[in-house]
Amino acid sequence: MKPFTYERVTDLRAATAAVSRTGAKFISGGTNLLDLMKLEIEQPTHLVDISRLLLKQVEDLPDGGIRIGAQATNSEVAGDPRVRARYPALAEALLAGASGQLRNKASIGGNLLQRTRCSYFYDTAAACNKRTPGAGCAALRGVNRIHAILGASDACIATHPSDMAVVMSALEAQIELLEPNQSIRCVAIDDFYRLPGSAPHIETVMRPGEMITGVVLPPPPPGRQLYRKVRDRASYEFALVSVAVIIATERETITTARVAFGAVAHKPWRSIDAEAALKGRPATFATYQAAANAAMRSAAGYGHNDFKIELAKRTLCRTLADAAQIGIGRPT
Amino acid sequence: MDTVTKSPTVAISHVALTVNGQPQRLELDPRTSLLDALREHLHLTGTKKGCDHGQCGACTVLINDRRINSCLTLAVMHEHDDVVTIEGLSAAEALHPLQAAFIERDAFQCGYCTPGQICSAVGMLAEAKAGWPSHVTPDVASRQIALSDAEIRERMSGNICRCAAYPNIVAAIRDVAEETLR
């Protein structure tokens with residue numbers, strides 16, 4: 001690990017001032033950042049510890065939504081009775097990620113900002129545009145079984161690894177950012193993350209010196225929420241494909257539909273196309289299949305990950321059927 | 001947190017924390033993980049280094065009663081925290097109920113993962129007692145947690161046992177869970 005200096009801050013103004021130093025970076029739970037620093041993929045020269053800022057609360061909002069402080073741990077949010085009752089898919093997604101020990105340390109803000117688990121990003125001997133802009137992408141013609149099928153570019157086919165962010169996307173979360181001048185701006189999660197394009201090292205729309213202070217969830221839409229994660233091991237493993245759905249039906253017609261995929265793109269992949277194919281349609285397996293086809297219309301594999309396209313379709317159909325509790329049939 | 005520059009490249013940091021009930025004050029390179037501080041500076045070698053990347057759970061300790069991986073956190077971040085390691089689970093020669101259960105159930109072969117398994121189980125039982133759900137809990141909104149074998153396995157998935165003593169680890173934890181959650 002490269003040498004760095006360390007500083008703990010206890011108020012927001014001090015945090016902003018401290019991170020303005022060249023080479024400075026915020027640290028909170030540290031479960032991803034320290035791992036990357038050990039491998040010298042991340043090399044901050046100054047660490048600003050924000051874990052003791054008073055941003056740990058989960059608060060009810062007057063409109064029926066909630067605000068989650070960025071320094072709340074993954075486990076505290078997953079265990080919060082209000083989250084479990086009103087946003088059960090968010091609790092499910094948090095509990096599907098990492099291990100008990102990691103969830104006790106990892107913060108909500110850090111979960112949003114965690115880096116990809118692309119093996120070429122982690123391998124400092126391999127070409128990676130995310131690590132070294134302009135170096136090339138070894139994953140394109142490498143072992144790319146875990147890589148993106150949507151929204152990728154010739155510069156990068158890495159995926160975003162978060163489970164939590166997938167459900168937050170379906171819930172239309174707003175990310176609350178503290179700007180260096182101490183004002184707050186909110187960004188919809190779908191706009192918060194960037195597709196790789198020609199600059200995959202720029203992953204979000206955060207500006208230098210900004211800090212995530214919280215996540216605001218609007219009141220949950222009507223309907224049943226479900227998060228399903230498909231992976232190589234039953235526990236403590238990243239997704240190959242995951243799906244968050246929220247679906248409501250009335251007399252077997254779909255009245256509300258939200259769909260977001262995980263582990264298929266550089267960002268949590270909200271599928272407006274799938275939602276349009278569901279709304280107002282009968283809750284049948286044929287409708288679910290039409291939605292799955294719509295969601296994957298622009299999908300492309302890179303060899304080893306071709307199976308993900310079919311896997312994503314089937315995972316969506318099954319999850320919609322389970323959530324709606326009708327239209328459970330067999331794929332034709 | 002005061003920082004004193006010792007050489008042009010490495011600044012030495014101070015941290016005061018409590019380890020197994022004893023106040024400790026350490027002078028450290030800020031890069032020192034909590035795991036290395038425990039093993040190399042305080043000579044508490046019960047906590048093991050396995051992968052050093054948060055993947056195996058051998059380094060699990062309790063911070064303010066919560067289980068964490070001590071390899072993935074900096075010692076300097078734990079000012080005034082209360083750390084409990086395998087050495088501090090019980091007084092003197094007495095065994096913690098989980099230590100006794102691991103012996104009774106023969107829940108290890110080489111024993112390298114065992115301190116992490118036991119510290120993790122202590123934290124896990126407290127989480128279950130607090131009503132926290134898991135990935136295998138049928139309804140996350142439910143406040144009643146029954147620690148079935150499937151629940152124990154899921155909640156302990158952050159601890160790898162290369163000898164694969166898993167059946168006996170689950171049995172040992174189940175024995176203590178029945179006492180704890182009764």
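A: Let's start with one term: a helix axis is a line fitted to C-alpha atoms over the stretch in contact, and the angle between two axes runs from 0 to 180 degrees between N-to-C directions. Keep in mind that this is a predicted model.

Q: Okay, so how do I read a pair of packed helices? At what angle do the axes of α3 and α5 of chain B cross?

A: In general, you describe two packed helices by the angle between their axes and the distance between those axes. Here, α3 of chain B covers residues 114-129 and α5 of chain B covers residues 166-180; their axes come within 11 Å and cross at roughly 40°. That makes α3(B) oblique to α5(B). The crossing is right-handed.

Q: Which residues of α3(B) and α5(B) meet each other?

A: On the α3(B) side you'll find B:Gln117, B:Ala121, B:Met124, B:Leu125 and B:Lys129, and they meet B:Ile169, B:Ile173, B:Val176, B:Ala177 and B:Thr180 in α5(B). Sorted by type, the residues of this contact are 7 nonpolar, 2 polar and 1 charged.

Q: How far apart are the axes of α2(B) and α5(B)?

A: They are 8 Å apart, and α2 of chain B (residues 97-104) packs against α5(B) at an angle of about 135°. That makes α2(B) oblique to α5(B). From α2(B) come B:Pro97, B:Leu98, B:Ala101 and B:Phe102, while α5(B) brings B:Ile169, B:Ala172, B:Ile173 and B:Val176. This contact divides into 8 nonpolar residues, with no polar and no charged ones.

Q: Let me try chain A. What is the angle between α12 and α13 there?

A: Helix α12 (residues 285-295) and helix α13 (residues 307-324) of chain A pack at about 140°, with axes 9 Å apart. Angles over 145 degrees would count as roughly antiparallel, but α12(A) and α13(A) are oblique to each other. Their crossing is right-handed. Among the residues making the contact are A:Phe285 and A:Tyr288 of α12(A), along with A:Leu316 and A:Leu320 of α13(A). By type, the contact has 9 nonpolar, 2 polar and 1 charged residues.

Q: Now the two chains together. How much area is buried between chain B and chain A?

A: The size of an interface is often given as the accessible area lost when the parts come together. For chains B and A that comes to about 3400 Å², with carbon and sulfur atoms giving 56% of it. Within chain B's share, B:Arg31, B:Leu72 and B:Met77 supply 21% of the area buried against chain A, more than any other three residues. Counting contacts instead, 40 residues of chain B touch 42 residues of chain A.

Q: And how many salt bridges are there between chain B and chain A?

A: Side chains of opposite charge can pair when their charged atoms come close. The count between these chains is 3. One salt bridge to look up joins A:Glu76 and B:Arg66, whose closest N and O atoms are 3.2 Å apart. Over all chains, the count is 33. A salt bridge inside chain A joins A:Glu42 and A:Lys25, with closest N and O atoms 3.8 Å apart. This pair links distant parts of the chain, 17 residues apart: A:Glu42 is in the loop between α2 and β3, and A:Lys25 is in strand β2.

Conventions:
Residues numbered from 1 in each chain as written. Chains lettered and ligands numbered in written order. Predicted model: local features only at pLDDT ≥ 70, side-chain atom pairs only at ≥ 80, totals over all residues. Heavy atoms only, no water. Helix = DSSP H or I, 4+ residues; strand = E, 2+ residues; numbered from the N terminus. Parallel < 35°, antiparallel > 145°, perpendicular 65-115°, else oblique. Left-handed = near helix turned anticlockwise from the far one by under 90°. Contact = heavy atoms within 4.5 Å. Nonpolar A, V, L, I, M, F, W, Y, C, P; charged D, E, K, R; others polar. Buried area = accessible area lost by both parts, 1.4 Å probe. Salt bridge = Lys/Arg side-chain N within 4 Å of Asp/Glu carboxyl O.
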